[in-house]
Amino acid sequence: MQRPSAHPLSESFDRRRFFTSAGALALTALAAPSATTAESHCSTQEFLTGNGEWTYRVVPNWGQLPSGTTFGGTHGGIATDNAGRVYISTQSATGVLVFSPEGTLLKTIVSQYPEVHSLVHAEENGEELFYATVQKGNPQENWLFIKIRPDGSVVQKLSAPPEAGFKTANEWRLTAAVPAPDGSLFIANGYGDSRLLRFDKKGNYLAAYSGKGSEEGMMNCSHGMAVDTRYDQPLLLICDRENRRLCHFDFDGKFVRTVTQHLRRPCQISFYGDYAVISELEGRVTILDRYNVPVAFLGDNSDKKQWANYNVDPSQVAPAIFTAAHGCFIDKEANIYISDWNQTGRITRLTRAITCGKFVE
């Protein structure tokens, strides 16, 4: 088994180094315009966050809903299709909202499953599909894996496999699902026993790996999951949320290594080339480079009372600050979408900062 290429310093990356990086970035932020009140030299105000090439501006009023409606809880995931349409799952009868890149609501889908927790775009035999995990569905169906088309039609559905030792549905509390390179399926039982479960292309149960714990190779809330192709060997990158770290597993289910530690309860992952965008439930988004060293922090919230607080009123939070970053996605043009875990819902679209027609440097 080949481990991912490592930066000379990455193997010794620890708490001291993480906070040294954080301190350097904080100094950069102090030298730059305020993240919440930054105003460009142009005629319109911009709300900025981040640093250097990862400086971003908030797109005002993106993703507005019809008057009198709300998102409901935004405890879910975000993905795009090949046409650039943005899919955002909610924790309400709204289901999955589909927006144009400009932020116009186009339609809603899968409202029969009102709590879709994760969304991953995939292509199989030339067809676009989304891999989704469902917490709440209808009275007959909860805690499901579903594979859906962009129109919301369901093409595959899986419930708790008894062969894996599940006796009741509440033991199967899945949080993420991704397709493996060979076409098999990996599901994280993050809100349950934190095991990784593997299925074949037809949905037949194959094996389970890892489990709940704090030692290396075990996880405490295997929350978000993505296929990491930044190295010679594709790997699973998993948000081990309550252990505050990211972990690599191979597609035989074997633990490879702890990637980085001391995060603020990492939730989901999205890749842009050699960079990884990590949403953190305690009020921040972190950008990691190929060596899994932080290069930027976005929306860093200094008010710890707002961290992971479901009841915060979004209108009382500055536009470029996050309270409970849960869903995250970076598209091919490096636009970033974040959904805060919030009872009324909060969606933020960030674009690379341009001031008077030029990128901020």
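The side chain of Q156 comes to 3.5 Å from the backbone oxygen of K202, a polar contact in the sense of an N or O pair within 3.5 Å, where within protein one atom must be able to donate a hydrogen and the other to accept it, and residues adjacent in sequence count only if both atoms are side-chain atoms. This is a predicted model, so to speak of a local feature takes pLDDT of at least 70 and a side-chain atom pair pLDDT 80 or more, while totals for chains, interfaces and linings use all residues. Residues are numbered from 1 along each chain as its sequence is written, and side-chain values use heavy atoms, with hydrogens and water left out.

**Around Q156**
- Q156 sits in strand β10, residues 154–158; strands here are DSSP runs of E with at least two residues, numbered from the N terminus.
- With a relative accessible area of 15%, Q156 is buried (under 20%, using a 1.4 Å probe and protein chains only).

**The largest pocket**
- Its volume is about 900 Å³, taken as the space filled by probe spheres set on grid points that are joined across faces, edges and corners.
- A pocket is an open set of points on a 1 Å grid over the protein atoms alone, with protein on both sides within 12 Å along at least five of seven lines; the probe is 1.4 Å, and lining residues have an atom within 4 Å of a point.
- The lining of the largest pocket takes in 40 residues, and T80, H121, S270, F329 and I330 lie nearest the centre.
- Two or more lining residues come from each of β3 (78–80), β7 (115–124), β11 (176–179), β15 (222–228), β19 (266–272) and β23 (325–330).
- By type, the lining has 20 nonpolar, 14 polar and six charged residues.

**The five-stranded sheet**
- This open sheet runs β1-β2-β25-β24-β23 with antiparallel pairing; strands pair if DSSP finds at least two bridges between them.
- β1 (48–49) and β23 are the edge strands with a single partner each, so one side of each has no neighbour in the sheet.
- Five bridges join β24 (residues 336–340) to β25 (residues 346–352) in the antiparallel sense.
- D340 is set opposite R346 in β25.

**The four-stranded sheet**
- Here the order of the open sheet is β11-β12-β13-β14, again with antiparallel pairing.
- β11 pairs with β12 (residues 185–188) over four antiparallel bridges, and P179 has L185 in β12 as its bridge partner.

Technical notes:
Ala, Val, Leu, Ile, Met, Phe, Trp, Tyr, Cys and Pro count as nonpolar, Asp, Glu, Lys and Arg as charged, and the others, Gly among them, as polar. Buried means under 20% relative accessible area, exposed over 50%, partly exposed in between (1.4 Å probe, protein chains only).
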